[in-house]
Amino acid sequence: MIQLKLCMVGAFAVGKSSLVQRYVQSMFSEKYHTTVGVKIDKKDIALGATSVRLVIWDLAGEDHFSALRPTFMRGAAGYLLVVDGTRGHTLDAALDLNRQIEASQGPLPFALVLNKEDLLDQWEVTASRIEALERRGMKLFRCSAKNGAGVQAMFEYFASANLEARAS
Amino acid sequence: MSLADARVKSDPDDETTGEWQRLRSLLVGAEQASLNALAAKVGNRDNLARSVASVLAEATAIRARQDDGITRALAPIINEGLQQSVRENPQPVVDALYPIMGPAIRRSIAEALADMMQAFNRAVEQSLSPRALKWRLDAWRTGQPYAQVVLLNTLVYRVEQLFLIHRETGLLLGHVQAENALVQDPDMVSGMLTAIRDFVGDSFHVSQEDGVETIRLGELSVQVRVGPKAVLAAVVRGNAPQSLRTRLSETLERIHHSHAVALSRFDGDMAPFANITSDLEPCLLAQARELTRKPWRAYAAIALLVAGSAAWLIERHESAAQWSAILTQLEHEPGFVVVESGSDGAHIVRGLRDPLARDPISVIGAERARAFDIGWDLKPYLSMEPQLVLERARANLKPPDGVTLRLDGSTLRAAGIAPEAWLREARRRAPLITGITTFDDRGIEVRDREALDRARQALNEATLYFEPASDALADSQLATLDAVVPNLIVLRDAAAAAHMAYSVNIVGRADAPGSSEFNLRLSQSRAEAVRRYLLGHGAPAKLLHARGIGAVDAVGPQANEADDAQRRVNFEVTAAPADPADPSS
């Protein structure tokens with residue numbers, strides 16, 4: 001079995017917790033976000049003969065471009081930057097967090113998760129901006145916490161990418 | 001000349017042999033002798049055995065001190081020898097073991113009993129003592145299993161869970177738990193524990209090594225030991241002694257040592273830590289509170305149990321005896337057949353009961369019936385027992401007072417005084433009664449016929465006399481008339497009882513003088529006068545018919561009668577059986 005620590009970061013109320021809560025085993029309540037600043041969940045994925053256990057550190061969102069607690073990122077195998085597509089500034093916040101993380105942890109596998117795909121008509125994050133990010137080689141996922149679209153795929157991508165990196 | 005040359009030369013030359021031998025004995029004679037003696041010892045089996053035997057015990061002892069080679073070599077031989085010996089003749093082995101087996105078995109039993117007693121005492125203590133009640137209350141209040149509460153209260157401490165956590169990632173490398181411990185998902189707990197330690201470290205600016213060592217919450221504490229690559233966290237209930245911390249530190253150090261490479265290169269692959277639980281399990285320590293008291297509760301409980309059982313057995317025995325007495329009583333009671341009786345749990349009597357038999361409760365007594373709370377399942381039947389047949393005859397025939405019934409085999413014998421109507425009915429019905437074939441009524445005296453006859457006779461004899469040419473009732477005649485009335489009533493009643501119809505003719509007469517017409521009228525009015533008087537004095541009207549017949553002819557038996565005697569009124573009673581269908585008759 002492979003165990004991986006996966007962090008979820010993003011601005012306040014982008015739907016990180018909603019995104020995972022339908023797909024993970026959870027035992028801690030939301031109040032840990034406001035007290036300790038992190039909530040830990042678990043997701044077991046079977047990829048062929050290998051089973052992967054994702055231990056998901058769901059980090060509290062902070063609305064200002066405030067400092068991320070780098071200790072919580074330590075030892076992570078990767079992270080997901082969660083963005084609320086209907087609020088453009090959450091993308092800026094995510095990119096800022098990304099810079100902070102790269103500065104403190106060095107380069108780590110990550111993916112940009114554009115949440116609230118079900119409200120596509122209200123999106124502030126423009127298609128051209130998304131294309132620009134993709135051109136920079138950033139891995140992007142469109143998800144909906146509401147209808148669950150893309151969430152499973154996102155976790156599976158992360159797990160299988162890690163396995164491939166190991167093999168090479 | 002060298003020795004070799006000398007030997008070469010000596011072989012072919014026989015003459016020189018004797019000299020050579022002498023030379024040899026001169027040179028190595030002493031050694032030769034001892035060599036020969038040695039060869040004799042080694043070459044001869046007996047001698048060799050003797051010499052080995054002399055040192056065998058010492059040699060065995062020396063070797064046994066060095067290693068267990070002898071034990072290993074002998075074990076299969078002894079085993080086989082023992083088996084063969086038992087196969088061939090077990091008695092010597094039995095005899096040899098006998099003095100050992102007895103005490104061994106006794107000791108084993110004593111120990112088992114002591115253990116059982118102790119366990120029983122604990123169980124009794126845990127279920128009966130006020131402390132146990134308090135624990136039950138606690139368990140109910142806190143929602144924990146009772147066993148858990150007992151454990152918490154009887155242990156000084158117990159290590160419930162151990163987490164081996166990768167220090168950098170917070171991922172769980174190994175987890176063990178004590179039996180019955182309440183465990184949440186260890187992966188998430190491991191992560192959260194790391195996060196909390198990180199949080200405290202960040203918040204209070206302390207280094208990881210100095211970070212949280214102990215987290216305490218009521219009865220529960222988390223003892224954390226931090227190594228360079230891994231963290232060992234023990235969840236402890238109760239008061240962990242210092243020795244436990246030392247033990248945890250040693251374990252963590254040992255794991256760092258044994259898994260040095262795996263820890264430093266950890267990338268999430270759990271394979272190198274597959275057997276880590278065997279390193280952790282020895283740390284699942286616990287210390288129970290000393291329980292040195294005598295198991296008096298167990299003794300008391302056993303005494304109580306014995307006393308209770310004895311009382312129960314005695315009561316049960318008494319109750320069984322009473323129950324069988326009840327059944328015997330019922331079986332002897334006429335009109336009862338007990339087919340089946342049960343006394344396991346409920347008391348039940350199944351069987352037959354003649355409807356005329358006594359009530360079963362009155363047979364066995366109301367008090368006992370109540371005490372046993374008997375369920376009755378009795379079907380009706382007709383008993384042929386004489387007592388019941390007689391009872392049935394009585395119920396059926398309803399004999400009047402003065403009549404006794406007696407059963408003689410299947411013959412019902414009636415005796416006494418009875419009205420005819422009853423007798424007729426009894427004759428008809430008696431043979432129809434189950435158990436009776438013959439009705440013998442020779443002992444019955446029919447009384448009502450006599451009264452009837454007497455009344456008839458009295459009426460027939462009664463005569464009323466009149467003055468010449470008068471239909472007035474003389475005072476002297478009234479007594480006779482008054483006596484007639486009760487006889488008429490007897491006649492009426494008896495007739496009704498015997499289903500007979502009677503008619504009483506009041507016949508008036510006159511004396512010879514006078515015209516016959518006059519005499520006829522006179523006689524008629526005399527009869528009428530009597531009838532009127534009788535009716536006026538309570539005589540039944542229906543019976544009475546007045547008729548005048550005038551003067552009696554001078555011929556016949558009354559021809560010579562005096563005139564005085566001829567002026568009279570007589571009664572004629574005529575009877576005919578009434579139609580039984582006519583109730584008015």
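Predicted model: local features only at pLDDT ≥ 70, side-chain atom pairs only at ≥ 80, totals over all residues.
## Basis

Local features require pLDDT of at least 70 and side-chain atom pairs pLDDT 80 or more, whereas totals for chains, interfaces and linings use all residues. Residues are numbered from 1 along each chain as its sequence is written, and chains are lettered from A in the order in which they are written.

## Helix H4 of chain A

Helix H4 of chain A spans residues 89-105; helices (H or I, at least four residues) and strands (E, at least two) are DSSP runs numbered from the N terminus. Its buried residues are A:Thr90, A:Leu91, A:Ala93, A:Ala94, A:Leu97 and A:Ile101, buried meaning 20 or more other C-beta atoms within 10 Å of the residue's own, and exposed 12 or fewer, with C-beta atoms placed from the backbone. Seen down the axis of H4(A), the buried residues fall within an arc of 155° (taken from the directions from the helix axis to the C-beta atoms), so they line one face. On the other side of H4(A), A:Arg99, A:Glu102 and A:Ala103 are exposed.

A:Gly106, with a positive phi near 85°, follows H4(A).

## Contact between the chains

In chain A, 23 residues are in contact with 19 residues of chain B, contact meaning C-beta atoms, placed from the backbone, within 7 Å.

Note on methods. Expected span 1.5 Å × (residues − 1). Contact = placed C-beta atoms within 7 Å.
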